[in-house]
Structure formats: structure tokens, C-alpha cells
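Entries follow in the order I made them.

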Amino acid sequence: MCGIIGYAGHRPAVPVVVEGLRRLEYRGYDSAGTAFVRQGDLRVVRAKGKLAALEEKLAGEPVVTATCAMGHTRWATHGVPAERNAHPHLSNDGTLALVHNGIIENYQEIKEDLTARGYVFHSETDTEVLVNLIAERRKSEKDLRGAFAAALREAKGAYAVCLMCNDEPETVYAARMSAPLIFGLGTGENFVASDIPAFLPYTRQVVFLEDGEIVCATATNYETLRLEDLRPTTHVPQTILWDMQAAQKGGYRHFMLKEIFEQPRVITDGLTGRVNGDGDGALLPELDSLPVPERLHIVACGTSWHSGLWGRHLLEHWAHIPVQVEIASEFRYRESLLLRKDDMVLVISQSGETADTLAALRIAREQGATVLGLCNVVGSSIAREASSALYTQAGPEISVASTKAMCSQMLMLALMALYWSGRKDAGDASDTQTKDQRRYLIGLLESLPALLEAHLPGMHENARRLARKYADARNFFYLGRGHCFPLALEGALKLKELSYIHAEGYAAGEMKHGPIALIDSAFPTFALALDDALFPKAKSNIVEVQARQGKVIALANEGLDLAVDDHWVIPRLPAPLSAFAALPALQLFSYEMADYLGKDVDQPRNLAKSVTVE
Ligand code: F6R
């Protein structure tokens, strides 16, 4: 949720940390801060608002001599966005500074105990409690690492933390428990951060820290230890192959726009190495040793949940596997959950760190289910904890609103359906697609990049024109049926999160059961009315809306018999693959609406890219 970076090296550390924070700003951006040691004093500088506010404050500080520093960009969980709640937090004696991502669930209890011992608190945060707990444990432990570990052992919840001390101005300490933290090994410099882009300009050598691990790093040395007993752990560093170019805007006005336009490339990359030589089967070696599921439970949040809802149509239709799709925050607390033998759980998460999805994965594993993780971020917690991980290979998604990740998840779901269809077919199951059908479907998938490449500029134009036309709407319905229902949900989610216009995604057939009461001439509807078996039904629903004076934009194919205010034609593809053409149109409409209304497209208010708290 928040972004953390720690640096120990030979360069002026504060600028390195601020620059790293800029690359982490997508993780949270309501306040930011940094800590470094100057002439034996632990100095903390913090500011409410975006990073620019912190930079302004730092302009008045002599920071150049510090070669060790840490920083934090925050997304509030405890306490309002304010300078007093910004990180780093200092211990009462001013010797320790701590930055933290996550939630310490028992912080109230600890706070009461520390208050009774005379500690005072200046913020509403759990982080200030934790740093004082470390200070308290220093009184009984033989060194700082012991005190750090002792305090963390008492803390319940999820965290990634980074600690500095004025007695050890050249060392950063860090630890993780259910929140991402990666160590970066440079030459004469070392890093720790919540995400790789923070330090990628300096090193590609990384260690993915495990839950319950501590790292102590200076410029030239580092040690990883078990939190439990401080026994050393070993890791083989991995090399990151993607570069910063992939995480830059590349000439686009916003990351979101760039990422929408990257979707043809995402499909090409996703298909690479995933189709057999005859072009009639999907290759997913990650699944070869696992049985074909009797039933599949898909669990995810937000946009990833929408991908799962869409994927159900393919998995059921192409591979004849019954599928249930559930929101992770609901799944994890459903007491009556009974997974059956041979059931499989598929968790979908772009970041691989979403707290609810990770918790669902752990519950499913505890119940003995095989859990597949479909993630974008390599080495993320979900990818590591799943029985088997599949990667979407979409590259870093920086814009907070998810776009290309959904496209890549949809592609992988299509490949999974084809893969299991092939396995069933080889086992003489009659209830699945034939080789010829799979060859046809794979051909369609392979045609997508060129098709999208050709149509994206025109779609962008349409989106711009329609966004201006409908910019004064305060409400929107998004309607779809069948495989278009998840797209309606996604269209509405994108519109509300980016432009703050109230939008609801509905199964079109449900409108007459209540929501249609809302329709009037000021409440437009965005209808998905593609050329498929459900088109006549979708058309009837549109007519019902129009009968209540509702204006309608219909995302439809050429030649369809539709009389609407705005007939937005997209390329024709057989259902359910037509979703690949509809998705960018929905994304571009929301993008253009938000940009036209002057909203912060890449970093919408109140949101964070990676939701590592419940
Ligand atoms: C919407 C969006 C969120 C995420 C959700 C799950 O644009 O980005 O709804 O889809 O927070 O995130 P992941 O996929 O990282 O688990």
C-alpha cells in the first residue's frame, strides 16, 4: 500500500531515496518522508501531499553528506493524511526512525503498555507504536537487530518495515511479514524497497525476502536472518531482465494511456511460447503435473475479479469445467466453504500482493486445495505461495487503474481453457473442443495484436469525442449480458475510480428488477451490445432504457440494427473473444473522461496500486 526504500551506499543518499520514491508513488501518495543521519543526529523530513511537497522541504536541508537514508510514500491506513502521520516515525528518544507498510493489528494493546511506561505518541499511527516498542526492547536485548526482531515478534499483522538508528548511521535494517520487500544488491551500495523499480537504475540483482525475514545492510555488506531466532538465511540473487524503459511513459501523456496502447504487445508476449507447433493446443507446462480440475474456484479482487468472471465463460464453454468466481474478501470469511477433493482454486492478482487474495490463497491451501496463482509481478507473495504460478508477462503496470493487466489475465484464462480442453480431448472426453476448434480459436487469439493495433487510434478518437459529450453526467449505467456483464462491471469501475462519476455495472436483464427506476434523461447508459447470441436481448434492454428517456451509448459491431444516441462501432470478433476489442474502448472512454475533467489519471484519489491491507 505504501512505498518504502532504504539505501546504504556511496552516493548522496537522500536524492537516491527521493528518486526511488517517485518510482513508487503509485503505491500511495498522501504524504512522504525521509530519514538520514547528519552529524550523529537522526534527521526526519516529512510532508503532507505528493512527493513535490517533500522535495520543497528538503531544498532547505543540507543532505548531501548522508550516504545512508530511507524514505516512504504513504497511503493512509491509521490516521488522516497529515504531516504528523507521515513516515518515518521517530522513537521518543530520537534514536530510531521507522517506515512501515501494512497494519499492526495489536498496536492499541502495545500502545497502552508503552503509555503506562511513560511513552508519548504524537501521531495516530501504528508505526509510531512499533518504533517505540523497538526502543523499549533495546533496553533488554544485546543489540539493535535483537531488539528489532523481538519487537516484530510481538507485532501481529502485516508489515514491511525499514529502520535506521543514529548509532549506526551507515546501516539500514528491514523486515517483512505478508507485505512485499525486495533487497537490491549493488556494487558498493545496497537497497531495500517495496518494489523493484525503486532501485532498478542502480542494480538488477535482487533477493526476494521471505515472510519473517530481516535484512541488515551497509554499503558493502548484507545479511539476511530469520526473525524467529536470528539464524542466518541464504539466497541466490536473481537477475531482473526488464528495464526502466518498460516502466516509463514512453511519450504518452499518462501511464494509463501507454498501458492501454501496450495491449497488442501484451497479447503477443502472452502468446509467445504458449502455442504448440501445430497451432491447435496451448502449452502451459506449469500445469502439466496437475490434474484437470473437476471444478475451479476463481478468487480475486477488483479488475482481477472481473477477469475471472469473464474467464468463467471460456472455461465452462471451451473446457467444460464448472467454475465459481468469488471476491477474495468474501471468500476468506465464508465459514461454510467446503472445497471438494479435486477442486482447484485459481487466485488472480496483478500485483500478487493483494491482502485479501493472499489470505484466500492461504485458506484454500490449508484446506488442501491445489492453488494456482495467476500474477503479473514475478516473485510476488501470491506467485511464491501458490502450488503453481502462472505469469501474465504484461510488464510493470504503473497506472493505479488496471488496464493491460486485465487484458493479459484474459489471455491467460483463454489459454488455460484451451489447455484443459486439449488435455480432456486427449483423454477422449467428448464434452470439450476439438483440435480444429482449438486451432480456430488460437488463430483468433493470434490475430488480436494486429487487429487492436489497427483500431486503437480510432477508438481513442471516439472515446475523446464521447467523453466530451457526456462529461456533465453525474451517473452512468454500464449494461452487459453473458460474457459482456464482467465488461460492464469493469467499465463502471474504471469510470468511477478515474473520473469520480457514479457508475454501476449491471447484468442488463436485472435492470427491470429495480435499477431502471433511476433512468431519466440525465442518467445515461453505456450498453455492450455486441454481435452475439444475446444481441436481441441486449437490444430489448436498450429499448427499455430509451423508453424512460435514457440516453444510450452502445458499444456494438457494424451493421447491427440499433437506434441509439451513440453507436460506437468496434471490430467484430466471435464471442467471447470480442471482449478483447471492447475492453480498450471502455478503458479509453474512462481515461478521456477523467483527463477532460482534470482528474489525476494515474493516481486517482484514495487509491493505491497494491492493496496489501485488508
Ligand atoms: C482497478 C484496480 C483494482 C485491482 C484490485 C486487485 O483498476 O486496479 O480493482 O484490480 O485492487 O489488484 P490485484 O490484481 O493486484 O490483486
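**Entry 1: Asn190.** I listed the contacts of Asn190 (contact means heavy atoms within 4.5 Å), leaving aside neighbours within four places in sequence. The list reads Gly6, Tyr7, Ala8, Phe183, Gly184, Leu185, Ala217, Thr218, Ala219, Thr220 and Asn221. Asn190 sits in strand β10, residues 190-193. Strands are DSSP runs of E with at least two residues, helices are runs of H or I with at least four, and both are numbered from the N terminus. I checked accessibility next: Asn190 is at 4% and counts as buried. Buried means under 20% relative accessible area, with a 1.4 Å probe and protein chains only. I also found a polar atom of the Asn190 side chain 3.4 Å from the backbone oxygen of Ala219.

**Entry 2: basis.** I noted that this is a predicted model, where local features need pLDDT of at least 70, side-chain atom pairs count only at pLDDT 80 or more, and totals for chains, interfaces and linings use all residues. Residues are numbered from 1 along each chain as its sequence is written, and side-chain values use heavy atoms, with hydrogens and water left out.

**Entry 3: Met256.** Met256 lies in helix α6, residues 255-261. Its relative accessible area is 0%, so I logged Met256 as buried. Not counting residues up to four places away in sequence, Met256 touches Ser399, Ala401, Thr403, Lys494, Leu498, Gln587, Tyr591, Val601 and Asp602. Met256 and Ala401 are 145 residues apart along the chain, yet their C-alpha atoms are separated by 7.2 Å.

**Entry 4: the ligand.** Which residues come nearest to the ligand? Of the 15 around it, I noted Ser304, Ser349, Ser351, Thr354 and Glu497. Near means a heavy atom within 4 Å. I then took polar contacts (pairs of N or O atoms within 3.5 Å). A ligand oxygen is 2.5 Å from an N or O atom in the Thr354 side chain. For the Lys494 side chain the distance is 2.9 Å. A polar backbone atom of Val400 is 3.4 Å from a ligand oxygen. Taken alone, the ligand exposes 400 Å², and the protein buries 89% of that. Helices α8 (302-319) and α14 (484-499) each supply at least two shell residues.

**Entry 5: domains.** An automatic or database assignment sets the bounds. I have domain 1 at 3-243, domain 2 at 249-433 and domain 3 at 456-596. The ligand shell draws at least three residues from each of domain 2 and domain 3. The C-alpha centres of domain 1 and domain 3 lie 45 Å apart.

Technical notes: Polar contact = N/O pair within 3.5 Å; in protein donor to acceptor, adjacent residues only side chain to side chain. Areas by Shrake-Rupley, 256 points an atom, 1.4 Å probe, with all protein chains shown as cover. Buried < 20%, exposed > 50% of the residue type's maximum accessible area, 1.4 Å probe, protein only.
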